Amino acid sequence: PTTAGLVADAERNLDIYLADLSGATPQFRQITQTALGILNEAPSLSGDGSTLIFASNQNVANPEGNQEIFRYVVATRVMTAVTSTSNGTNEMPAINHNGTRMAFVSDQRLEPGVNIVGQRQIFLHPNPATGSGFLQISKTVGADNFNPKISADGNRVIYQRQDGSGQRVVLYDSISQSQQVFTSRPNPITGEIGQPNLSGNGTIL
């Protein structure tokens, strides 16, 4: 439902919950109530607790049933779709401290004329330059981009990039509109360099 409340999860599928830990006893709120087989995953809660984002193939503003990014405002209990694509996948969302900016992965063309459909790229929402829409921050042809993390102010994003040279960690700065690529000694078996994280002020990786 667009307005989620305190409901029972009889289906026992993967739904999203919030827990209020301010009192002596945790108070749980079920955010999604979806049928068996619907996947709700990767919740990211803003640092101030005001906004929750997650990926889901639920049918709220999503008749195609593909995976989209959703936003839930805790105070109003209103859920809205951030992305609305006809197919493909939108996943791995990360939100900044006050819930005003997010980064996520999509294999769709969210910024007109930029992405090759089917190739996973990293997007910012809203676009810092316009205050709305999307900004594609990864544009390496043939690379797979995933696992974004965002700073508290929303100005810096790190993510992983897999290309013909192996796996890299990329830092994007929306103020300077620049990228810095980090390399590390990979796992000799898997080739992975691990999962990066970013400090709240965006200065420590």
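What percentage of the 205 residues in the protein chain is buried? I found that buried residues make up 46% of the 205. I took buried as under 20% relative accessible area, exposed as over 50%, and partly exposed as in between, with a 1.4 Å probe and protein chains only.

**Ground rules.** The model is predicted, so I noted that local features need pLDDT of at least 70, that side-chain atom pairs count only at pLDDT 80 or more, and that totals for chains, interfaces and linings use all residues. Residues are numbered from 1 along each chain as its sequence is written, and side-chain values use heavy atoms, with hydrogens and water left out.

**Overall fold.** I looked up the secondary structure next. The protein chain has zero helices and 14 strands. Here helices (H or I, at least four residues) and strands (E, at least two) are DSSP runs, numbered from the N terminus.

I then checked the dimensions. The C-alpha atoms fill a box of roughly 50 × 40 × 40 Å along the principal axes. A compact globule of 205 residues would have a radius of gyration near 17 Å, and the protein chain agrees with its 17 Å. That radius is taken over C-alpha atoms, and the globule rule is 2.2 Å times the number of residues to the power 0.38.

The accessible surface comes to about 10300 Å², and 52% of it belongs to carbon and sulfur atoms. These areas come from the Shrake-Rupley method with a 1.4 Å probe; for residues, only the protein chains shown count as cover.

I also looked at contacts, meaning heavy atoms within 4.5 Å. Of the contacts with a separation of 6 or more, 37% are between residues 24 or more positions apart.

**The open sheet.** I traced an open sheet of four strands in the order E3-E4-E5-E6, with antiparallel pairing. Strand E3 (40-45) and strand E6 (78-81) stand at the edges with a single partner strand each, so one side of each has no neighbour in the sheet. The twist averages 25° from one strand to the next. For angles, axes are lines fitted to C-alpha atoms, for helices over the stretch in contact, and angles run from 0 to 180 degrees between N-to-C directions.

Two strands pair if DSSP finds at least two bridges between them. E3 and E4 pair over four bridges. Strand E4 (residues 51-56) and strand E5 (residues 68-73) are joined by six.

I followed Ala-55 across the sheet. Its bridge partner in E5 is Ile-69, and Ala-55 is itself the partner of Glu-41. Phe-54 stands opposite Phe-70 in E5.

How is E4 covered on its two faces? Both faces are covered: Thr-51, Ile-53 and Ala-55 are buried on one side, and Leu-52, Phe-54 and Ser-56 on the other.

Leu-45 in E3 is partly exposed, with a relative accessible area of 44%. Leaving aside neighbours within four places in sequence, I see Leu-45 in contact with Leu-18, Thr-51, Leu-52 and Ile-95. The hairpin of E3 and E4 has five residues between the strands, and in it Gly-49 takes a positive phi near 75°.

**The core.** Which residues form the largest nonpolar core? I listed twelve, among them Ala-94, Val-105, Ile-122, Leu-124, Ile-150 and Tyr-172. Strands E8 (102-106), E9 (121-125), E12 (156-163) and E13 (166-173) each give two or more residues to this core. A nonpolar core is a set of buried Ala, Val, Leu, Ile, Met, Phe, Trp, Tyr and Cys residues joined through side-chain atoms within 4.5 Å.

Most residues other than glycine have a negative phi, and most peptide bonds are trans. I looked for exceptions. Arg-77, in the loop between E5 and E6, has a positive phi near 60°. Arg-77 is partly exposed, at 29% relative accessible area.

Asn-147 lies in strand E11 (residues 144-150) and has a positive phi near 55°. Asn-147 is buried, at 14%.

The peptide bond from His-125 to Pro-126 is cis, with omega near -5°. Pro-126 lies in the loop between E9 and strand E10 (135-136).
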